[in-house]
Amino acid sequence: MFAFRFHTRITLILSIFIISTISSPVFGQSETYLEIYQPESSDSLSPALDNPVRTFTSISQEVDRTDLALFFVDSTSLAKGIELARSVGVNVDHIFKSLPIIRVKADEKLLETYLSLLPANSLTKMAPNRSFQATYTDDIPSIYDAIELEEIMEIIRANELWSQQDSLGRYLYGEGINIAILDSGINISHPAIEYSYDYDGDGPYVSQKRVIYEASFIQGEQEAKDLYEHGTHVASIAVSNGLFEEHGKIVQTENLGVAPSANLLSIKVLNREGKGETIEALEGLDDAISLENELKPDVINMSFGSGEYNGTLDLMTELISEGWRRGIIMVASAGNEGPIGSSIGNPAICKDVISVGATIKGDRMPYWSSWGPADLFRPSPDVVAPGYGVIAADYTTAGYKQLGGTSMSAPLVSGLAAILRQALPGITPEQVKTAIMSSSEDMERAAVRQGQGMINSLTALNLASNIVGGREVFSVSPMKVSRENIFYTTGILGSSKSFVFSIQSSFNGTVNSSITSISSNHLSITCPESINVSNGYTSFTVTLDLSVADFLEDITATIKFETGSYSEDIPIEIRTMFPNGKILFDVSKDNDTQYTYYERDGMYGHLSYLSSLLENEGWIIKENNETITPSLLDDYDLLIISDPDLGYSSSEIKAIQEYVQAEHALLVIGYGSDRAIENDFYGDCNTTSLNELIVDYGIVLSATNFTTSEITGELVHPLTGTIEKISYWGTNLTITDPSYTYSILTAENASIKYNVGAAYHNVTDDKLYSRVVVLGGRSFLDNSQTFPDFTGYSSADFAIDFIEWLVQFEKKEYRLISESTYYRDEIHKIELGLYIPQTSVNITVPAKTNATLITPDDEIIHLEFVREYKDGQAISVASFDFTQQGIYTLYHPLSIATESNFPFPATNGKILIEVKTRFFEFFKDIRNVARTILLVVTLTFLFLLRRKKYIKITKPKKK
């Protein structure tokens, strides 16, 4: 049994006494608490709020405005704030130890009065008490996808570290390293957790009790015991000693955690339902980073998350950065809100943390693992690790339980960080993060899904050793720009696009860049030649410009980043496209975007997946955060409005209505994640402001939420027909004028029929001149699991088809058509006739045109078309030998002379050509006949061979 040394026990007793004292509603003299806050450098941490009362009144009425965390500029302001609060009757519920923050409680009117009395520029931030929850999925994976800790350790190569030793001769099991688990508490008596694992060369044994500290910040749950199931499971993934109950007996198994000898600190911030309050999480984090000496954590694991993030005003970010500055390695789960873009939760979104997404075993990724980009368009998550169907400790028994989510992935990285710190005691958080990111293995997924890839423990240790030995190492994100790398892709001719790259480094200094290759003169790249890295991190912009061309091509390029002896090459792979049309994403009324610096609902946020799909089809996409005016809208074919938290003005609504009447398309999307839509709730969708926009189209968004993840329903659409089952999260729509609308998506659950999508048609003379579609959620435009039972048709297919159906009105159809049939064994002319419904538009077919043909195996072939006339109509003619069967895509650029503000070739000159082999439909019959003939010939031959054995040959006698 482990016993604390005398001074260790005294330190622990004093720490617990201080914590219990300041957590109590009964306070002593203020000077006692002010001594706890001791900033390392400057007292001034952030710019002060210009008007705290205005900030307070802007907080939604739906949020608890009687319970706030206030961040003061320095210790002097903190002291005055505490004194003033008590003098006016505001309850100072908690005083933070690491930073000048207090938690105050009072009724709204009193708090508003208190804030107005504070000295000018006293506060930098304030946070209402919002909720967050554990990041694991409720959908228990199939037993066939379950994975034990032993297999996980092999996948991430953690088991290959254990045979190595540190400078003291100890095996690398995390001995002497403290991991704080901020979670729902820990069942400290579970055999896999109670004692630390040790190995002396002869065999494993348990040595000492590992939980050295416990604290609860949940009101009504004073003990740190796990009442939920989450914290125990998470802790065992990081530190399991392999002792589990099997068949009624406690046995030593191979199911070890990453750091089975590490110590644990159990800090409870989630209640028995797996949820918590923001301020409780802040208090728990503050407690963890304030512990000192033997209790100071080396690593803090946070397998929880919140959708609430306040950018530069975020208190969670400030506390995490403070822990990072104090040398604590911070690890957080990315969240389970995928595949919606920009769904990384807080605290994973913070730059001073290692954010972790989930994989299914070692080679697949679940759709629900949260996607980036993070705030300010940073690549995120940082890395991924197994998190689907993980079998680890059960909180109620001595056995196992199976859970899945990014919650299960984060402790694998926390355990690895513990091993690195044991092996290299002086290693900094920046160096640990750099080593883990730089050593991760590319899974060939988009950067917004996988970050730098799957963690590799052995490579991380080797790289970390080099870093501590003086080698300068860095990791550049994203690792490539390509069509497959969602969000980090481009290719529209005549366009310019900028990307935010980031560098995570093991040093403070300079990284140099250079363009080492470009395969085409149609691409130019702008990248800073010298990039300064401070505190291990920096971000910068790379811009790619594509010039106008009359043919398509594959372009490759390389940007080299280097410093000293270390370098990384970032490949760029572009398939150019002709521009198709223009789409405007309006976020001017998105409260999340305006006030949190986090692109929630725009083309860089929750709709980033959709916007990337459209960009890959040639759509030019822009985002607007300014007032809507007629001149702004006039240049676009489609206006997309998602989650309008703030109301549009009457002049803006009029501008949108005139835009629709002028034969344009409008798509309005209500909030469709797993959150409720509530009236006048800024931060979620505001139904009042949204309905003001759409009521004239006979559609009303109600406050009835529909959050069942899998429902049976009926999707009737001119493109898709009927679909039996969909996955959907969203809100019910009410059709108020069925003569002008029809439902495009309905869903049924428990005999209740929900209208979750509706389209408005303006019909004149049997020609469709405008379309307005309102969706009760975005999931079937942005969710890879939308049509799980509809074989061969994905949500990506539907999203593209849907937008094209919505935008391409009959009036605006300028297309090339071909009615020829092609066979593989002949050379045929491709004859393209130009269809122009409205002759007043001046469109010309050039005398000679360089067109592009993409083969079924994705090869680009350039063809020259020559203009000819047939029956008085201009056609383009070219010859090509179709050498394989399948679908060919032909791009033939057109020139639109009347649109001077659109100086590119149009892309509506795109057709699909299906090439079939002659007599292909008879191939099966021909094959069967051939087989029959072959069988007959073979049997005949065998019969003759057998008969030959019985023929007697008589040799002539010699005379």
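I count two strands as paired if DSSP finds at least two bridges between them. I take helices (H or I, at least four residues) and strands (E, at least two) as DSSP runs, numbered from the N terminus.

**Basis.** I worked on a predicted model, where local features need pLDDT of at least 70, side-chain atom pairs count only at pLDDT 80 or more, and totals for chains, interfaces and linings use all residues. Residues are numbered from 1 along each chain as its sequence is written, and side-chain values use heavy atoms, with hydrogens and water left out.

**Open sheet.** I looked up the pair to Gly509 and found Val533 of strand 26 opposite Gly509. Strand 24 (residues 509–518) pairs with strand 26 in the antiparallel sense, over 4 bridges. I then followed the open sheet, in which 4 strands lie in the order 26-24-28-29 with antiparallel pairing. Strand 26 (530–533) and strand 29 (566–575) are at the edges with a single partner strand each, so one side of each has no neighbour in the sheet. On average, neighbouring strands here are turned by 25 degrees against each other, direction ignored; the axes are lines fitted to C-alpha atoms, for helices over the stretch in contact, and angles run from 0 to 180 degrees between N-to-C directions.

**Strand 10.** I used buried for under 20% relative accessible area, exposed for over 50% and partly exposed in between (1.4 Å probe, protein chains only). Of the 6 residues of strand 10 (residues 211–216), 5 are buried, so the strand is largely enclosed by the rest of the structure. Strand 10 runs parallel to strand 13 (residues 263–268), and 5 bridges join them. I noted Ser266 in strand 13 as the bridge partner of Glu214.

**Val548.** I located Val548 in the loop between strand 27 (537–546) and strand 28 (554–563). Its relative accessibility is 43%, so Val548 counts as partly exposed. Gly494 lies 54 residues from Val548 in sequence, yet the C-alpha to C-alpha distance is 4.5 Å.

**Nonpolar cores.** I defined a nonpolar core as a set of buried Ala, Val, Leu, Ile, Met, Phe, Trp, Tyr and Cys residues joined through side-chain atoms within 4.5 Å. The largest one holds 128 residues, and Phe561, Leu667 and Phe802 have the most contacts inside it. Helix 11 (residues 406–423) supplies the largest share of this core, 10 residues. I also recorded a second, separate core of 46 residues, which includes Phe132, Leu270, Met316 and Ile320.

**Helix 22.** I placed Phe941 in helix 22 (residues 923–948).
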